[in-house]
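Reader: I would like to learn how to read a pocket and a sheet. Can you take me through them?

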Amino acid sequence: MAAEPLPELAAVHWRPRVDTQRLQRTDALWTATTIALVEPLAVPVTLAAFAHAWVIPELYAQRGANVVRPKRSRAPVEAEARSVGLLGDLVGHEARELHAGTGLVLERGRLGAWLVGPAGALLVRPGGRRVLCYCVGVNDPELPSGDRIAHLLLALRSDERGFATVANLAFSGARWRVRRRLAAATRPALDAGAAAARLLDTRATP
């Protein structure tokens, strides 16, 4: 990873720069919030809280899955095809095949395994059990999807921690919650991300 930080960080100067420890605190906070919803004050309250505790994380998981939900491109068909071809030059054979089937590109990082789409990214943490869903995009609605992914991919490669800092967190939680909310065609990408994340050594992350 290059030492140069992303220039977009200036727009979110109030956010602490993301690192492994901060991601772990984020995971813990989201989990604690879910647990807090089921505080057993009384039986009726507990039953209502249990239902509440199930529904709220599900709604957040839906919001998280939406960051990689396929959207109709405004670009002409020819521009879309050309952009996908150029994107293929940035990634390996495995990533090209995964993108062709799911619309997402797998990129192994130091914070985990990333799945990058045109308007968002999923970060599967080392071990493959937790996922952070980020909403992040390129400020040009006319760009084809392949170009959008290429821009995000290059930003991620240039400054992974900066990328996670600039992006807006939509959800952090169990992978199964996100997976069940994804479109069926997109789920193999999350499975591939989990497989890649299981191979990452948590002790090697910064």
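Author: Start with the largest pocket, which is lined by 23 residues. Nearest its centre lie P70, K71, R72, P118 and S145. A pocket is found on a 1 Å grid over the protein atoms alone: an open set of points where a 1.4 Å probe fits, with protein on both sides within 12 Å along at least five of seven lines. Lining residues have an atom within 4 Å of a point.

Reader: Which elements give two or more residues to the lining of the largest pocket?

Author: They are α3 (77-88), α4 (93-102) and α5 (145-158). The largest share, 3 residues, comes from α5. Helices (H or I, at least four residues) and strands (E, at least two) are DSSP runs, numbered from the N terminus.

Reader: What can I rely on here?

Author: This is a predicted model: local features need pLDDT of at least 70, side-chain atom pairs count only at pLDDT 80 or more, and totals for chains, interfaces and linings use all residues. Residues are numbered from 1 along each chain as its sequence is written, and side-chain values use heavy atoms, with hydrogens and water left out.

Reader: In what order do the strands of the open sheet run?

Author: The order is β1-β2-β3-β4-β5, with antiparallel pairing. Two strands pair if DSSP finds at least two bridges between them. β1 (105-108) and β5 (168-174) stand at the edges, each with a single partner strand, so one side of each has no neighbour in the sheet.

Reader: How many bridges join β4 and β5?

Author: Strand β4 (residues 130-135) pairs with β5 over 6 bridges, in the antiparallel sense. Take L132: its bridge partner in β5 is S172.
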